[in-house]
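Welcome! Have a look at the structure below, and then we will walk through a few of its local details together.

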Amino acid sequence: MTSQKVLISFLLFSYSVSFFLRRSERFIAKGVQKDLDLDIRSIGIISSFLNFGYLIGKFSGGFISDYAKPKIVFQIALFIASVFSLAVVVSSNFFMLTISFALVGISTGFTWPAVIKILRCGLPQSALGSAWSMFSASHGVIGVIAPAVISYYGSNWQQMMITVSSIGLGSSVLCAMLIDEGDPKPAKQSGVTQQKENKETPKRSRRFMAVVVIFSIAGFMNRLSRFSADWFTIVDDEVFTPYVVSLQQTGCLIGCLTSGFLADFIVRKSSSPSSNPRIPLFIFLVITSSLAHFLLVSGGFNVLLVNILYGLSIDSAYNIGGVVQTELVSPAEAGSVNSWISLACSFGMFCAGYPVAAFAENYGWVVTHQLMAVFISLSVLPIFFIPQSEKAKSD
């Protein structure tokens, strides 16, 4: 049987490869633009198709992971993503390149829901947050090492894509060997047995709907805040310099990496197994991020400290929220709940563009973001209305 450490390490490496393939459009854009004589608008269209494909794959992948073995879903998705990444290399025109990247987006979208299902079913509650943090932080790590990889290959972007795609193909094959056969059995969670979970099936449906609605609102507001912050460098580039933004991004990476370990520490120290001890931490981080967002545009405060605080809290809240929403439903619903909430988060990312800009143009930049900060805080209040499980009620 595969040890837990080997499983997590291998999944982390394989998922990082998948993320690199998804972001490869960004990494090779200049080389592709030069070799295929494309303009900026064409590169933008390719990026849009890739991201839309990723949304389709991520939304569908959650439901499929609930009805199929998540290991198989992850393995096939990584294999297909690697194959179509190789297709990018041989694409000779704009149409072929767009279709190839769209298929890369769809296939890589399936990997994250499958990872969630494997972690939710295979890890105890006291380790889920730490693992989640490592996977989330891998995005930032790839962002850090990618420039070095690109610099190493120089203008030979085709060779880089072939190398990474080959690693992805190899990882997908090893996936079948290293991850245990069969559906992973849910780990024991805070004394709640699988038999009791099965008895709660009717209640769980109500909880499922409540979790989807409440965390969709919170996720929408979080991503709206996170991606609308990109406007700060455009509106006030004298204050939000590259150095300040770099500190903010560093804070995001540190917060994302450490929040899960902190949450797991809280779980291990908790004396109330009938409740989720991560919820107070999640609420605290959301309120902290809303306060930092408010201070970003209000002025009169140390811009460096405010940006670091915002960076530490905004992705931490998103990270812990993902763990909590997954724990509040049964392992059988872990993929589906993340599909719906991911859809809301993606809509928040979309609204952070033109809708925020249009609203700010009519009502003012400061007012827009101060209102946004207030709504971020309010978004976590409905969490207290999530129906309790039968186990919690009996306690």
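Let us begin with V90, which is placed in helix 4 (residues 70-90); helices here are DSSP runs of H or I with at least four residues, numbered from the N terminus. V90 counts as exposed because its relative accessibility is 61%, where exposed means over 50% relative accessible area, buried under 20% and partly exposed in between, with a 1.4 Å probe and protein chains only. The C-alpha atoms of V90 and Q158 are 8.5 Å apart, although 68 residues separate the two along the chain.

A word on the source: this is a predicted model, in which local features need pLDDT of at least 70 and side-chain atom pairs count only at pLDDT 80 or more, while totals for chains, interfaces and linings use all residues. Residues are numbered from 1 along each chain as its sequence is written, and side-chain values use heavy atoms, leaving out hydrogens and water.

Next come two helices. The axes of helix 13 (residues 278-298) and helix 17 (residues 365-378) come within 8 Å and cross at roughly 170°; axes are lines fitted to C-alpha atoms over the stretch in contact, with angles from 0 to 180 degrees between N-to-C directions. Helix 13 and helix 17 are therefore roughly antiparallel, the word for angles over 145 degrees. Their contact (heavy atoms within 4.5 Å) includes V286, I287 and F294 of helix 13 and W365, V366 and I376 of helix 17. The residues of this contact divide into nine nonpolar, seven polar and no charged; Ala, Val, Leu, Ile, Met, Phe, Trp, Tyr, Cys and Pro count as nonpolar, Asp, Glu, Lys and Arg as charged, and the others, Gly among them, as polar.

Now for the rings. The whole structure holds twelve aromatic pairs, meaning rings of Phe, Tyr and Trp (its six-membered ring) with centres within 6.5 Å; planes under 30 degrees apart count as stacked, over 60 as edge-to-face and the rest as tilted. Two of these pairs are tabulated here.

| Pair | Centre to centre | Angle between planes | Type |
|---|---|---|---|
| Y15 and W112 | 5.4 Å | 45° | tilted |
| F20 and F27 | 4.9 Å | 50° | tilted |

Y15 in helix 1 (residues 4-27) and W112 in helix 6 (residues 111-122) are 97 residues apart, so this pair links distant parts of the chain. F20 is buried at 6% relative accessibility, and F27 is buried at 17%.

Methods. Parallel < 35°, antiparallel > 145°, perpendicular 65-115°, else oblique.
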